[in-house]
Amino acid sequence: MLSEFNSKEEIILLKIKSYVSNIFTEKTEIIKENIKRKLKELRYTLPLEDAYNKYLEVLDLPKYPIGFDDSVEIRYFMGRFLPPPRIFGHEDILWRLL
Amino acid sequence: METFIRLKNTNSFCVIKLNDNSEKSEEKDKQVTQTSIKLTFLSLTSIDEEIEKLLMNIKDCISGINEWEDGLSNNTIKKLAKDFELPNFGQRDYSLAQHFADSSILETLITIKSVGGLLRSDVVNKLNIENPNEILTKLQKLKLIRSEYIILCKKTSEYVNKAPNKESIEAVAKHGIRCSRCNRLLTEENLEEYLTTTEEANQMIDGSHWMTVNLVKALFDLDVPKGSVLVNVHEGYEEIDALVGLGKSLLLFELKDSQFSIGHAYAFQSRLSLYGADIGIIWATDGVAPEVIEHFNRLELDAKIHYIESVDSLVPSLSKILDELRWEIAENELKPLLRQGSIVINVPQGIIQFLKKNIRSWRQDYKDEVAVTQEEHLD
């Protein structure tokens with residue numbers, strides 16, 4: 001019977017929901033900062049930023065201000081070449097969901 | 001630019017993407033940019049409450065957001081939705097359609113409907129199903145069949161009269177009304193229950209509507225957004241049983257309450273290309289003819305074809321197809337994070353910075369050295 005398979009509990013599927021809104025703004029930077037502030041207010045962490053800061057800490061380098069989570073560029077000469085570390089790449093997120 | 005956060009509900013993530021559209025417009029003498037804000041949520045459990053809270057908070061902190069639109073909506077569905085209605089079935093439709101998945105019920109109803117009505121004794125004798133009386137009682141309870149009573153002349157076996165119930169025949173007999181053929185009182189004649197299908201049953205059977213209703217229920221149960229499904233799309237000579245848009249992918253469904261044969265395949269193939277469907281799904285209750293599979297394999301179509309070859313396999317097969325598609329969408333939605341997922345060490349800029357910094361300190365050292373030398377000279 002069809003109904004036997006219709007129980008939601010039996011099937012665990014990945015759920016995806018996406019919402020989009022278009023606005024006219026003078027500066028996207030302001031939106032970026034507002035979102036960031038709101039997320040911190042709601043006690044969400046920005047893993048990319050955290051990982052970046054942690055990385056700098058390990059290297060004993062001062063924190064360099066970054067905007068959203070972007071422009072993650074270390075503008076310092078390390079004295080030696082370091083391989084670019086990958087942090088929380090998207091495959092890792094998918095792996096965690098699995 | 002994009003980032004992600006881990007949601008408070010475990011195993012859930014939100015990708016936030018800001019996109020400056022290149023089109024600029026003049027507003028109040030200032031040049032303003034159109035920016036799109038997109039939030040994509042990935043989870044394994046229902047996180048509607050947290051999503052709602054986040055959307056509300058982000059809307060509050062940014063002026064100009066009027067409403068959130070579906071970020072995964074499909075353009076073809078959006079376009080067609082203007083002319084065609086989204087499925088709007090009620091609870092009763094879903095509940096009834098599920099019973100049609102039982103082949104005994106479907107066969108009984110189709111048999112009764114095809115001849116306009118049948119005597120209960122004929123249904124019991126003719127149909128090759130287990131417990132026919134049980135099935136008929138169930139159908140009566142579900143109001144899918146209606147009973148009437150037929151008076152048959154004992155002498156000629158002719159159909160004399162029809163009444164809605166036994167009581168009305170008894171009432172008529174009390175007035176001494178007799179059979180015009182044999183002169184017996186009507187209550188003394190043979191009484192047979194006559195079964196017909198109800199309007200609701202007919203609607204479900206016509207055009208295999210029960211399959212459409214079951215498909216829609218399965219899609220909604222598998223979390224396909226309501227605005228992504230269109231059913232019975234008529235355009236010119238074409239009729240599409242169902243269209244589903246998920247992200248950029250368009251799924252085209254063909255439903256058959258029999259075997260899907262090679263004759264059906266050609267029409268299906270033309271619909272696939274007409275709508276530019278990415279996935280074609282054939283759901284046929286009696287399976288798909290082997291030559292159809294062979295035909296589609298040979299064609300190497302752009303669309304990927306899936307076959308659902310029984311009633312029972314609808315939900316398991318559909319969940320597999322949708323799951324595969326959702327992981328593809330997830331990969332695409334997360335792709336922008338890939339470039340954020342690595343720290344770029346700007347070595348060239350670092351060398352420049354190093355040299356500039358050293359020039360400054362070297363100049364200072366040089367100045368200090370010169371000053372010391374000059375002082376020495378003065379001494």
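Author: Buried means under 20% relative accessible area. Keep that cut-off in mind as we look at this predicted model.

Reader: Which residues of H12(B) are buried?

Author: They include Leu314(B), Leu318(B), Leu322(B) and Arg326(B). Each of them is called buried because its relative accessible area falls under 20%.

Reader: What makes the span of H12(B) close to the expected one?

Author: H12(B) has 21 residues and reaches 30 Å from its first C-alpha to its last.

Reader: Why is the set of 65 residues called a nonpolar core?

Author: The name applies because its members are buried residues of nonpolar kinds such as Leu and Phe, joined through side-chain atoms within 4.5 Å. Those with the most contacts inside this core include Leu215(B), Phe253(B) and Leu318(B). Helix H12 of chain B gives the largest share, nine residues.

Reader: What does Leu215(B) have contact with, leaving aside neighbours within four places in sequence?

Author: Its partners include Phe253(B), Trp283(B), Leu314(B) and Leu318(B). They count as contacts because heavy atoms lie within 4.5 Å.

Reader: How do you know where the buried residues of H11(B) sit?

Author: Val292(B), His295(B) and Phe296(B) are the buried ones. Seen down the helix axis, the buried residues of H11(B) fall within an arc of 90°, so they line one face. Helix H10, strand S12 and strand S13 of chain B are among what covers them.

Reader: What makes Glu294(B) exposed?

Author: Exposed means over 50% relative accessible area. Glu294(B) is one of the exposed residues on the face turned away from the buried side of H11(B).

Notes: Residues are numbered from 1 along each chain as its sequence is written. Chains are lettered from A and ligands numbered from 1 in the order in which they are written. This is a predicted model: local features need pLDDT of at least 70, side-chain atom pairs count only at pLDDT 80 or more; totals for chains, interfaces and linings use all residues. Side-chain values use heavy atoms; hydrogens and water are left out. Buried means under 20% relative accessible area, exposed over 50%, partly exposed in between (1.4 Å probe, protein chains only). Helices (H or I, at least four residues) and strands (E, at least two) are DSSP runs, numbered from the N terminus. The arc is that of the directions from the helix axis to the C-beta atoms. The expected span of a helix is 1.5 Å times one less than its number of residues.
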